[in-house]
Amino acid sequence: MRRIAALLLLAAGPVLVLGVLFVLPVSGMLAEGFVVDGRLAPGAVIDVLARPRVHRVAWFTVWTSGTATLLAVVLGLPAAYALHRLSLPGRAAVRAALLVPFVLPTVVVGVAFRQLLGEGGPLGFLGLDGTPFAIVCGLVFFNVAVVVRTVGVAWESLDPRPGQAAAALGASPSQVLRTVTLPALRPAIVGAASIVFLFCATAFGIVLTLGGVRHATVETEIYLLTTTVFDLRAAAALSVLQIVVVVGLLALAARLRATPDPTAQRAVTPVRAVRRSDAPVVVATLLVLGAMLLPILTLVAGSLSVGDGWGLDNYRALTTAGDNQALLVPVTTALDTSLRTAVDATWMALLVGVLVSVIVTRRSHSVAERRVRSTLDGLFMLPLGVSAVTLGFGFLITLDQPPLDLRDSPLLVPMAQALVALPLVVRTLTPVLGGIDDRQRQAAASLGASAWRTLLTVDLPVVWKPMLAASGFAFAASLGEFGATSFLARDESPTLPVVIFRLIGHPGEMNYGMALAASVVLAVATAVVMLAVERLRVPGVGAF
Amino acid sequence: MHRPTVRALTTGLAAVLLTSCSLTGGEATDPSTSAPDGGSSPAGEAGGTVVLATHESFNLPKKLVRAFEDETGYTLEVRAAGDAGTLATKLSLTADNPIADAAFGIDNTFASRPLGEGAFAEVATSTTPPEEYALPEGSDRLVAVDSASVCVNVDTAWFDAEGITPPQTLDDLTDPAYADLMVTPGASTSSPGMAFFLATVAEYGDDWQDYWTDLLANGAKVVDGWEDAYYGDFTAGSKTGTRPIVVSYDSSPAFTVADGETTTAALLDTCFRQVEYAGVLAGADNPEGAAALIDWMLTDEVQSALPEAMYVFPVMPGATVPDDWARFAPQPTDPYEVSPEEIAANREQWLTEWTDVISR
């Protein structure tokens, strides 16, 4: 009991943050639908769930997200291996570049995809425009990076010796992969897959742009019901459905994630040279990269096209306010705002994320304790799976009274972004932290090390690099975040994605070109920051 | 890449990152950014902050805002986020504890929702916009500020090159001569898409489903947003576009001017007029400031700035429009109309039926 009490005390901070920034707003918005004239009226909400349209929408969401998740995992695994275990030339740059889709505004990517797939585009003959398959392609494009990064980081710290031992005993490479490597990576793969699924299931802009208006998902339907139709009851019903499905999925994921061998050693293994036998993996990686590059190239080409020729005019215009003063601030200022906000969101997400990861990965001594830990683990994944629209409006109606009068606070934007980035941090760190043999800590403690010293000498060296990866990830997620930000952004300091959305929403050829150029700038800024972050080292921990 | 270069880059970036390690950065959140320059703020008895809630398309020249602040002593704080529907929902949900003092950007398709929730207080302005823009109900609380009509646009250059006469009316759009040539944003996902849908409701009444069935049978393409339609499919907006008929605005032809001529035209018999309103929020902290703000939005200076800043037409007769607009963007004289009450009463059913028609 004492251990559980201590655990809950440690978890109080993060749980309080989540309670105020997530549970309270969402329940406030649900109450708008459930409470009619001061009385709880769940009947009407349940009626909504019986509508055939709701079933159609729910099924469509599940199958497109499921397919996209599967594809992202299948395509992401070879790339994770090649980019994190093999000494491929330029792999740091490629790893940084892989995060680029993650930050690109969905509107811009949507238009880029449609220029590729549309009737007049180079891939128009495939007839994919407006089909569910186009949606799946878009979702995979945005989410492959999640798999590559979370699984790659775990792969990097995977002890190669069990695999080598199996090989020495006569196992073929595929047997090693199937019986040693994949089981050890399962927590990371399942973790990545559940994040990808949640991202897909709550995707908004990409579904609308690529699917046309014929295909609705739960998320787009909640948006439509809340803002256009103002049927809060139906919106609440769908939000509840969403939460139930997400909780079920997280429970399943937690079960699948359980490490088969909790004593598996974690160590940072050096990358090895590419051998001839790596050819299939390298080729697969190159194919994935090529496919990801195509929409980006369309975008870059668009940004460089001026009239009938090519030029840098769109880039030069970025310091101005655009054609006909479309913008209140130049794109350069917005980039500055974006970077500052992202720094804030990143430290917030890291602070809470590291704490949560440490809490959920410590060895449990009883069933009850393990349950508390895994519940906490799932709880912090929830914000990814719940509609940004519900959360956004919830902020307005619940955080409007002192002491929680946050709705006018400039910190609300980084806080909302941190909430989105938090699961990425937790899912990157937990597989690695969970893999540290607890006996190492015990040994350190028995040699007289304090809890702090144990953390610094045992956990930190292993977790340092994943932590950098996680912070880069959080930073990128925050830079590209649009849903919550556009809802909350204040006009004096819009972030770059908000500005891009504004540019593309206004007529004027220059504005469109500028939107593309600004997206390229955002992409390059992200890649460069990622590259820099990955090069940071802990002084004194030079082992890798 | 050379190592030293990489190191220099890394160090430089780290420095940039560390210096920006403040809570969302210095000047950006400094409240004095929106205060009048020169420190001679007359803020005193009449002063204070006026908070304006609006949608993301809001934009007015800084010079005019400064003049307003200097003249009245108020400091204007703009909170712009989300689209018009989001704004209407925000105001309706926070009717008992308003998020601002004044609101701008509620249009005639969304007006009845916040009005019904009691979000707006009565307001008396020193000037009144022409009667034609006033709401049938709630004109004591919402004041017209600008108008923009959604019209079918055609790429006249494309039609000239093909030697086909462009369509004129909604009926023409179902003519097989124009098969597979049209693209429109969806009514459920886009505000101009909704306006075009309302035009068809105004024209065909209860038979609008038949019209849409014919329209789709004639190959009309429905996409998500205006930007998809215009930049993705419209021949005059996109290099890879294949459709020379698009749902856009009456002002759009002013943005396709080449060599002193516009290459597109708005079909003025297909228009639905959207009027945007401003109002003082009920329970506002600064109702006087909010009223002064609305008065200011009706001045000739602000009204004349609207076209370039927000792509809309002014409503006050004293305002002027840019030359390109005057030459290339005539406004419809007799646009289609559907009353806000009728829209509010039927919106959900219409959208459900419309979605069914287009998913068939």
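Predicted model: local features only at pLDDT ≥ 70, side-chain atom pairs only at ≥ 80, totals over all residues.

The predictor gives the complex an ipTM of 0.75, along with a pTM of 0.79.

- The mean pLDDT of chain B is 85, and 87% of its residues score at least 70.
- Among the elements of chain B, the lowest mean pLDDT, 39, belongs to helix H2 (residues 26-29), while strand S4 (residues 120-121) has the highest, at 96.
- Residues 15-22 of chain B have a pLDDT below 50, and that stretch has 6 contacts in the model beyond near neighbours in sequence.
- Residues 25-45 of chain B also stay under 50 in pLDDT, and here the model has 27 contacts beyond four places in sequence.

**Chain B overall**
- Chain B comes with 13 helices and 13 strands.
- Of the 360 residues in chain B, 54% are buried.
- Take the contacts in chain B between residues at least 6 apart in sequence: 75% of them join residues at least 24 apart.

**Where the chains meet: H18(A) and H4(B)**
- Helix H18 of chain A (residues 388-398) packs with helix H4 of chain B (residues 84-93) at an angle of about 30°, and their axes are 10 Å apart.
- That angle is why H18(A) counts as roughly parallel to H4(B).
- The crossing of H18(A) past H4(B) is right-handed.
- On the H18(A) side, the contact uses Phe393(A), Leu396(A) and Ile397(A); on the H4(B) side, they meet Thr89(B), Lys90(B) and Leu93(B).
- Sorted by class, the residues of this contact are 4 nonpolar, 1 polar and 1 charged.

**Inside chain A: H2(A) and H12(A)**
- Helix H2 (residues 42-49) and helix H12 (residues 232-257), both of chain A, pack at about 70° with their axes 8 Å apart.
- Because of that angle, H2(A) is roughly perpendicular to H12(A).
- H2(A) brings Ala44(A), Val45(A), Val48(A) and Leu49(A) to the contact, where they meet Arg233(A), Ala234(A), Ala236(A), Ala237(A) and Leu241(A) of H12(A).
- The class count for H2(A) with H12(A) is 8 nonpolar, no polar and 1 charged.

**Inside chain A: H8(A) and H9(A)**
- The axes of helix H8 (residues 161-168) and helix H9 (residues 173-201) of chain A cross at roughly 145° and come within 9 Å.
- H8(A) passes H9(A) in a right-handed crossing.
- Pro162(A), Gly163(A), Ala166(A) and Ala167(A) of H8(A) make the contact with Val176(A), Thr179(A), Val180(A) and Thr181(A) of H9(A).
- The contact of H8(A) with H9(A) has 5 nonpolar, 3 polar and no charged residues.

**One residue up close: Leu139(A)**
- Leu139(A) sits in helix H7 (residues 132-156) of chain A.
- Is Leu139(A) buried or exposed? Leu139(A) counts as buried because it has 26 C-beta neighbours inside 10 Å, and the cut-off for that label is 20 or more.
- Setting aside neighbours within four places in sequence, the contacts of Leu139(A) are Ala68(A), Cys200(A), Ala203(A) and Ile206(A).
- Leu139(A) and Arg178(A) are 39 residues apart along the chain, and 27 Å separates their C-alpha atoms.

Conventions
Residues numbered from 1 in each chain as written. Chains lettered and ligands numbered in written order. Axes fitted to C-alpha atoms, helices over the stretch in contact; angles between N-to-C directions. Helix = DSSP H or I, 4+ residues; strand = E, 2+ residues; numbered from the N terminus. Parallel < 35°, antiparallel > 145°, perpendicular 65-115°, else oblique. Left-handed = near helix turned anticlockwise from the far one by under 90°. Contact = placed C-beta atoms within 7 Å. Nonpolar A, V, L, I, M, F, W, Y, C, P; charged D, E, K, R; others polar. pLDDT = per-residue confidence, 0-100. Buried ≥ 20, exposed ≤ 12 C-beta atoms within 10 Å, placed from the backbone.
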